[in-house]
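Look at the structure first, then read on.

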Amino acid sequence: MKGKRVNRRSLLIGMALAPAVVRAARAAPMTLRLSSSLPNNPQFANGRVYYDNLVKRLAADGLADRIDVQFFPDNQLGQEIDVVNSVSLGVIDLMVTGTSIWANVVPLIGLLDLGYLFESFPQQTKALDGGAAKPFEQALKSGANVDIIGWAYNFGSRSVLCKSPVNAPADLAGKRIRTLPNKIITECVRLMGAAATPLAFGEIYTALQAGVLDGLEHDPPTIVASKFYETAKFYSLTEHNFSALGVFCSGLTLTKMDPPLRDQFLAAAAEAAADTRVRGLEAEKEALESLKQKGVEIIACDREPFRKLVAPQSDEFIKAHPEAKAIIDIVRSTKA
C-alpha cells in the first residue's frame, strides 16, 4: 500500500509539472552554427564583427531567447570549400565570407572578383542595392539552395603584401602570390604580373614561413588579424578588388523556421550586415596604421598600369557568361 501511495504522488506531481515542462520545451531556442575562416578577433575579423552585431540585433528585436547563434571562427568547422558544401547541405547553418569561394559553386558570382570592377565600397553598396545583387541571389538559391541574407564589405580593398617592394607590374614577375582557390581572382593576379598561387586560407602563414609563397593579396584587417605581417613587410596598395562580404544561409535552415520568426531573423541579419559595413570602413584605416606600427612599409603604388593589364578580364567574363553584361553595366553606371 505504501508503494502505491508513493507512485500516485509521483504521478500527481508529474501531471502538475507537465505543462511547465512542455512550455520549457517549446521555448528552447533554435541553435544556429555560424562559420568564419578568420580568427576570433573582435576588432579586425569580419566574421567576429558580424557575429557580435547579429547577437546585438537579435537581442534588440527580442529574439535572443528564440535563436541562439554559436560562432565558430578560424576554420573550426573546416576549410572554406568544405564549409560551402556543408551550408548547401544544411549541415552548417551560416557562413560569413567573401563571395569568391562561392564562385566554385555558382560561376556567375565570380563576377564580383573581376579586377578593378568597383571603384569603392560605397559604390558597391549602391550597385548591389540598385539591382546588381539579384542575379547572384537567384543563382545561388537555385544552384545551391543557399540564401544571401546580408551584404557587407570585406574589411578593406584587397592589395598585395609581399616580401619585397611592389611598385609596378614588373615587380611581381616570378613572385608566388597566394590567391583564393578561385579561377577569377587567380587570373586577376596573374594578369597583374604575378605567379598566382591558389591556396587554402589556413595554409597561408606556414607557406610564407617556409618560403613556398612570396606574398599574398588580401585586405589590411585580415593581414593584421592573421599576423601575416610577421612574414612579409611590404604592402602595396594595388586595391585591385573591393571584395563583397556575404552572409550565406542554408535554405534548409530557413525552412525550419516559422514564417514570422524567419522574417524577424532575416531583418536582424540584414541590419547586422549594415552595421558590419560601417565597422569595415573604420577597420581598414585602423589596420593600415597598425601595419605601419608593426614595421610594414605601405606603398602607394600607381594603380593604373595594373588596371590596364587586368581590363580584358571583364570582356572575357562576359563572353563566357553573357548574362553578366547587364550586371556589369549596372556597376559601371553607378557612382558613389
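Two strands are said to pair if DSSP finds at least two bridges between them. The structure shown is a predicted model.

## A parallel pair and its helix

Strand β1 (residues 30-35) pairs with strand β2 (residues 67-72) in the parallel sense, over six bridges. Within this pair, Leu34 stands opposite Phe71 in β2.

Helix α2 (residues 46-60) belongs with these two strands: β1, α2 and β2 make a right-handed β-α-β unit.

## A mixed sheet

Six strands form an open sheet, in the order β7-β6-β8-β5-β9-β11, and the pairing in this sheet is mixed. Which strands stand at the edges? They are β7 (195-198) and β11 (297-299); each has a single partner strand, so one side of each is left without a neighbour in the sheet. On average, neighbouring strands of this sheet are turned by 30 degrees against each other, direction ignored.

## Two packed helices

Two packed helices are described by the angle between their axes and the distance between the axes. Helix α4 (residues 121-132) packs against helix α13 (residues 324-333) at an angle of about 135 degrees, and their axes are 9 Å apart. That angle makes α4 oblique to α13. The crossing of the two helices is right-handed.

On the α4 side, the contact is made by Gln123, Ala127, Gly130, Gly131 and Ala132. Ile327, Ile330 and Val331 make the contact from α13. Of the residues in this contact, five are nonpolar, three are polar and none is charged.

Technical notes:
Residues numbered from 1 in each chain as written. Predicted model: local features only at pLDDT ≥ 70, side-chain atom pairs only at ≥ 80, totals over all residues. Heavy atoms only, no water. Axes fitted to C-alpha atoms, helices over the stretch in contact; angles between N-to-C directions. Helix = DSSP H or I, 4+ residues; strand = E, 2+ residues; numbered from the N terminus. Parallel < 35°, antiparallel > 145°, perpendicular 65-115°, else oblique. Left-handed = near helix turned anticlockwise from the far one by under 90°. Contact = heavy atoms within 4.5 Å. Nonpolar A, V, L, I, M, F, W, Y, C, P; charged D, E, K, R; others polar. Right-handed = clockwise from strand over helix to strand, strands pointing away.
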